[in-house]
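Colleague: Could you take a close look at one part of this model for me, and then walk me through the salt bridges as well? I would like the cut-offs along the way.

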Amino acid sequence: MCGLNLHELDMNRSIKSFITFDAYDQSVEHAVCNMEFDNFYATSMILEQFINDLDIEELKKLVFIAPDTGATGRRNVYLNSFNYDRIDKQAGNFIKIRDYNNFDGGKYPVISHDYSGNDDLEGRAAIVIDDMISSGGSMFDVIEELHKRNAKEIYLVVTYALFTKGIEEFDRYYDQGMLSGVYTTNLSYIPETYSEKEWLHICDCSSLVANVIYNIHNDKSISSILRDKSGSVKLLEKKFEQTKNLKH
């Protein structure tokens with residue numbers, strides 16, 4: 001549907017360029033041929049707050065999780081952003097099987113959610129990465145499976161947190177100690193009452209949006225915004241070095 005809408009806009013030649021943040025499928029850009037299509041990611045903004053918030057002991061042992069095969073690419077981006085020799089990293093993913101013979105509540109119901117990866121996650125902080133949280137149903141399945149495998153902490157990291165069925169279940173998982181936190185952005189609307197929750201961390205992307213607008217308006221290159229992936233390693237180095245100096 002997104003590709004069809006883009007194609008119609010492109011054929012109408014009504015706009016010069018199209019800018020989006022964290023498109024679900026980057027290949028949607030092939031729907032256009034007359035206008036520019038730029039897809040920006042909020043990864044650096046999320047990572048900055050995430051790294052600053054976590055303590056050193058949590059950062060030392062991480063496992064990066066894709067909640068389904070469609071999230072594997074995003075998972076790998078975060079995994080590679082932690083290329084620091086003092087961090088022990090692992091990766092895992094879930095394979096989601098749906099019942100395509102039934103359509104319920106706007107989606108095909110999930111039949112099974114099978115985990116592929118190291119079964120013993122003792123002492124590791126699990127980071128579950130996806131583009132969005134809708135109702136949260138499939139994420140709760142992931143949380144329970146990771147909890148069974150003894151993950152020490154479980155964080156959900158998404159660009160868009162829609163909470164289409166409210167946040168009561170997220171509250172419950174947090175109160176039970178099964179959910180450590182949700183990291184998301186302000187690129188979509190989040191009610192103020194939600195933002196007050198202790199487990200919800202909203203990363204401010206206003207500077208990213210401002211940089212994009214400024215560069216495009218002034219006909220400057222946006223390649224540095226698209227490709228800069230060095231910030232997280234620098235943050236990790238700084239954090240570990242500060243901790244080392246404090247011990248001395």
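Modeller: Happy to! Let me start with Thr 184, which is buried, at a relative accessible area of 0% (buried means under 20% relative accessible area, exposed over 50%, and partly exposed in between, with a 1.4 Å probe and protein chains only). Please keep in mind that this is a predicted model, where local features need pLDDT of at least 70 and side-chain atom pairs count only at pLDDT 80 or more, while totals for chains, interfaces and linings use all residues. Residues are numbered from 1 along each chain as its sequence is written, and side-chain values use heavy atoms, leaving out hydrogens and water.

Thr 184 belongs to strand 8, residues 181–185 (strands are DSSP runs of E with at least two residues, helices runs of H or I with at least four, both numbered from the N terminus). Its side chain reaches the backbone oxygen of Val 158 at 3.2 Å. Setting aside neighbours within four places in sequence, the residues in contact with Thr 184 include Val 158, Thr 159, Tyr 160, Ala 161, Ile 190 and Leu 200 (contact means heavy atoms within 4.5 Å). His 201, Ile 202 and Cys 203 are also among them.

Now to the salt bridges, of which the structure holds nine (a side-chain nitrogen of Lys or Arg within 4 Å of a carboxyl oxygen of Asp or Glu). One of them pairs Arg 149 with Asp 119, with the closest N and O atoms 2.8 Å apart. This pair links distant parts of the chain, 30 residues apart: Arg 149 sits in the loop between helix 5 (137–148) and strand 7 (153–161), and Asp 119 in the loop between strand 5 (110–116) and strand 6 (125–133). Arg 149 counts as buried at 15% relative accessibility, whereas Asp 119 counts as exposed at 51%. Arg 149 also forms a salt bridge with Glu 145, the closest N and O atoms being 2.9 Å apart. Together with Lys 148, the residues Asp 119, Glu 145 and Arg 149 are linked in a network of salt bridges.

Another salt bridge joins the side chains of Lys 197 and Asp 171, at 3.2 Å from N to O. Lys 197 lies in the loop between helix 7 (192–195) and strand 9 (200–203), and Asp 171 in helix 6 (residues 168–175), so the pair ties together parts that are 26 residues apart in sequence. Lys 197 is partly exposed at 29% relative accessibility, while Asp 171 is buried at 17%.

Methods: A polar contact is a pair of N or O atoms within 3.5 Å; within protein, one must be able to donate a hydrogen and the other to accept it, and residues adjacent in sequence count only if both atoms are side-chain atoms.
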